[in-house]
Each structure stands twice: as structure tokens, then as C-alpha cells.
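Colleague: Could we go through the aromatic side chains and a helix contact here? Please begin with the terms.

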Amino acid sequence: MVHYYSAIAAKFSAPQWCIFTPLFTIDSTKISVCHNRRIWSHKVMAEFAARGKTSVDWFYGFKLHLVINDQGELLGVKITAGNIDDRDPVPELAHSLFGKLFGDLGYISPPLFEQLWEQGVLLVTKVRKNMKNKLLPSFDKLLLRKRSVIETVNDQLKNFSQIEHSRHRSPFNFFVNLIAGLVAYTFRIRFSQVLPAPWCDDFNVELTLTNHF
């Protein structure tokens, strides 16, 4: 007996323009190459790795910068040393994008905002309490809640694709493993089948499914 579902009706109560606005998310995640206690004795990646800091702790290794769409698909990837600012690779990663790019507080920068605006990209971030202009459209605030989807992508890359571990014996092995992990992620089941679209939880979406036997 074969079961399959087909959608026969879908109704969105959200404004029509928001459905067709390209939505992207950017974030970076650390890739440690050794434990902090072994930094001074680590030699394999000493030529490329650097010491960096996240919101949680210090680490020694690299940063993986990712840009995804609302379906969780990788659109841009760049790896840098751990001491590189998260904002530095943004113009390169967003050079072929247009629409809205959502990031965390680490991407707040007026010069970066203006540079991306000239490229046709609107950088949307949360605002700090001490910022003068705290105005942010309610729809953008709503979509910022869905920025955590990229954290799920980082989790899948590290726990399923195994891009982070300390057993590398050469830089070549490290980069091959990283690229293989990214490729493996792209061949996994479509992300849209795991998580709904960014607007599905906050707008009224009526979807009628029929079960065929």
C-alpha cells in the first residue's frame, strides 16, 4: 500500500509582497581544532588557525561563515581564521544576493549597512538598548525570530556531517573533511521538509492535504 500526500489548497493571510521578498540569513560558527588546554602544543594547524572568541568562550581554530535562504539551503560559505571579525566576509558573501539579509547583533555596522544597501541588500539586525534609533518594522521583528533556523544548520553540519573534530593530522585533511561535510549537507533531505517556511508559525496558513491509498 502506497501512501502519498498532495497539497490541494494553500491560503496565506500574509501580504502578497512578503512571500516573494528574498529572505536570507547569515551567521558564523566556530570550528575548533583542539582543546583550549592544548593550544600551545598544537602544531598541525598552527600555520592557519588562530585564537578567537564567541559569546560563550575562547577557542582555537577557524570560523565558518554561512549564508542560507529560508529553506535552509547553503548560498554562500567562507572559512576564515578564528580572529577575523564576523562582518569582514559579509560583502563578499552577499555580492550576488538581493533582498533582506538577517543577522545577529555581531553584524551591526553603519558602514556595512550602507555598503550592502548599495548592492541591493537590506541588512536587518536586532538593535542594542543604547542605540539612538530603535525603530524596526514589525514584520522584520517577526522574521528575526526565525533567524535561529541557521543555528539548526550549524548543528547539522557539526553533528551529522562531522565538520568539527580534533583528529586531523594535516591541513589538507582538515579542508577536505570540511568540504565533504558541506557537500554531504546539501544532499540531505530538503530542509523545508523538516522546518516550515519563516512565516508559517506567525501567519495563518491553511493547507488541505488529501491522503491517497
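Modeller: Buried means under 20% relative accessible area, exposed over 50%, and partly exposed in between, with a 1.4 Å probe and protein chains only. This is a predicted model, in which local features need pLDDT of at least 70, side-chain atom pairs count only at pLDDT 80 or more, and totals for chains, interfaces and linings use all residues. Residues are numbered from 1 along each chain as its sequence is written, and side-chain values use heavy atoms, with hydrogens and water left out.

Colleague: Is Phe174 buried or exposed?

Modeller: Phe174 is buried, at a relative accessible area of 1%. Phe62 is buried as well, at 4%.

Colleague: How many aromatic pairs are there?

Modeller: There are 5; rings of Phe, Tyr and Trp (its six-membered ring) pair if their centres lie within 6.5 Å, and planes under 30 degrees apart count as stacked, over 60 as edge-to-face and the rest as tilted. Phe62 and Phe174 are stacked, because their ring centres are 4.8 Å apart and their planes lie at 25°. Phe62 is in strand E4 and Phe174 in helix H6, 112 residues apart; helices (H or I, at least four residues) and strands (E, at least two) are DSSP runs, numbered from the N terminus.

Colleague: Which residues do ring pairs link into a cluster?

Modeller: Phe48, Phe62, Phe174 and Phe175.
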